[in-house]
Amino acid sequence: MEFDENRDGAPDQPTRQRVVRSILVNGPSTAAALAERLDLTPAAVRRHLDQLIDEGALEAREPRSSTSRGRGRPAKVFALTEAGREGFDQQYDDLAVQALRFLDETGGESAVREFANRRVAFIEDRFDGVLEHHPEMTPVEALAQVFTDEGYAAAVRTLPMGDQLCQQHCPVSHVAHEFPQLCEAETEAIGRVLGRHVQRLATIAHGDGVCTTCIPNNSQMKEQVTT
């Protein structure tokens, strides 16, 4: 499945692409949130959502948040399916999986891990440069920019206990499903550039909607050390 704005016979395709890309960048969303974000009527959004569900690009889920919305059931959120993610450019395909299988068979676990470490070198290579050119950014925001530039559609969510780095897209998810060393190397590199322990809470490669990394603030880390 490809999201091609110029597909013949599909005048609504550009709008459907906007809907899908909005969910890719912002994560699972309600119809109301999409309508506001894309400046569309709720009826128009629901028509496109129904079509995308029929095509297998989206699925409706129950919201995770337990926040009360008053009377009635909480609004469903719409999330990308694996088929929906395949509509966007993937940097790795079956050939990459076969190559890593060969590397694993001939060089073993250490060879795969070394490849994973080399692949994520962009994180440390680009981090300082982004901070230098964007002094207004926090280190975590600069890290999100590094990942976004690499195709991960990353953003920062600030919570009382620290930050969460949320990657709405993973260009290596198909490969990382079989070779989690890629995710592990990413997490280790994130910890190195930030100079603190971080924890990966969820990954697209293993079926989650978003890759989420917990980055505790310094006070939280000190509290954990003293307890």
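**View 1. Helix 2 meets helix 3.** The axes of helix 2 (residues 31–38) and helix 3 (residues 42–55) come within 9 Å and cross at roughly 115°; axes here are lines fitted to C-alpha atoms over the stretch in contact, with angles from 0 to 180 degrees between N-to-C directions. So helix 2 sits roughly perpendicular to helix 3, a label that covers 65 to 115 degrees. On the helix 2 side the contact (heavy atoms within 4.5 Å) uses Ala 31, Leu 34 and Ala 35, and helix 3 brings Pro 42, Val 45, Arg 46 and Leu 49. Sort those residues by type and you get six nonpolar, no polar and one charged.

This is a predicted model, where local features need pLDDT of at least 70 and side-chain atom pairs pLDDT 80 or more, while totals for chains, interfaces and linings use all residues. Numbering runs from 1 along each chain as its sequence is written, and side-chain values use heavy atoms, leaving out hydrogens and water.

**View 2. Helix 7 and its neighbours.** In helix 7 (residues 139–149), Val 140, Ala 142, Leu 143, Ala 144, Val 146 and Phe 147 are buried, as in under 20% relative accessible area with a 1.4 Å probe, protein chains only. They pack against helix 6 (121–133), helix 9 (181–194) and strands 3 (154–159), 4 (162–167) and 6 (211–216). Just past helix 7, Gly 151 takes a positive phi of about 100°.

**View 3. The whole protein.** Count 10 helices and six strands, taken as DSSP runs of H or I (at least four residues) and E (at least two). Of the 227 residues, 42% are buried.

Terms used
Buried means under 20% relative accessible area, exposed over 50%, partly exposed in between (1.4 Å probe, protein chains only). Angles under 35 degrees count as roughly parallel, over 145 as roughly antiparallel, 65 to 115 as roughly perpendicular and the rest as oblique. Ala, Val, Leu, Ile, Met, Phe, Trp, Tyr, Cys and Pro count as nonpolar, Asp, Glu, Lys and Arg as charged, and the others, Gly among them, as polar.
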